[in-house]
Amino acid sequence: MINSTIKYIDIQHHKDERGDLIAVEENQPLPFHPQRTFYLINVPHGQKRAGHAVDCELFVFALKGNATLVHIDQEKEKKEYPLHSDKGLLIPSYHFIEIMDFTNDAVVVVYASKRFEDTKYYQLDQL
């Protein structure tokens, strides 16, 4: 596993009487040019998503509702990161993650630095 850490990055979140505007741009706060964007929605209670590591950077946040991202290191130590709309998590390559505890209204957004067909997936014992 590459020795870099998962970290929260503030997201531009503007609120006024017209509603909320959330902005994510390359270099503000993304340190990479996204090649893929996907959304996790309608995740049934008790289900998990991810359950792997990838060979690209990810930026993950809850656009709506809440969920929890769990990082599991090679020693099987777990660290939990709540997902919200005002901060996103920058996940370096080769970090094993699971996303769980989705609220009923949760919409989780994931930006990836590689396209799906160019991405390699790894299980915890492969890292």
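I'll start with one residue. Setting aside neighbours within four places in sequence, Phe 32 is in contact with Glu 26, Glu 57, Leu 58, Phe 59, Leu 90, Tyr 111, Ala 112 and Ser 113. Keep in mind that this is a predicted model.

Where does Phe 32 lie? It is in the loop between strand E5, residues 29-30, and E6. Is Phe 32 buried or exposed? Its relative accessible area is 6%, and because the cut-off for buried is under 20%, Phe 32 counts as buried.

Phe 32 and Tyr 111 are 79 residues apart along the chain, with their C-alpha atoms separated by 9.4 Å. Tyr 111 is also the bridge partner, in E13, of Thr 37. E13 covers residues 107-112, and it pairs with E6 in the antiparallel sense over six bridges.

Now the sheet itself. Five strands make up an open sheet, in the order E1-E11-E8-E13-E6, with antiparallel pairing. At the edges are E1, residues 7-10, and E6, residues 36-41, each pairing on one side only. From one strand to the next, the twist averages 25°.

A second residue to look at is Glu 98, which sits in strand E12, residues 96-100. Glu 98 has 14% relative accessibility, so with buried set at under 20% this glutamate is buried too. Which residues is Glu 98 in contact with, leaving aside neighbours within four places in sequence? They are Lys 48, Arg 49, Ala 50, Gly 51, Thr 68, Leu 69, Val 70 and Ile 72.

Notes. Residues are numbered from 1 along each chain as its sequence is written. This is a predicted model: local features need pLDDT of at least 70, side-chain atom pairs count only at pLDDT 80 or more; totals for chains, interfaces and linings use all residues. Side-chain values use heavy atoms; hydrogens and water are left out. Two strands pair if DSSP finds at least two bridges between them. Helices (H or I, at least four residues) and strands (E, at least two) are DSSP runs, numbered from the N terminus. Axes are lines fitted to C-alpha atoms, for helices over the stretch in contact, and angles run from 0 to 180 degrees between N-to-C directions. Buried means under 20% relative accessible area, exposed over 50%, partly exposed in between (1.4 Å probe, protein chains only). Contact means heavy atoms within 4.5 Å.
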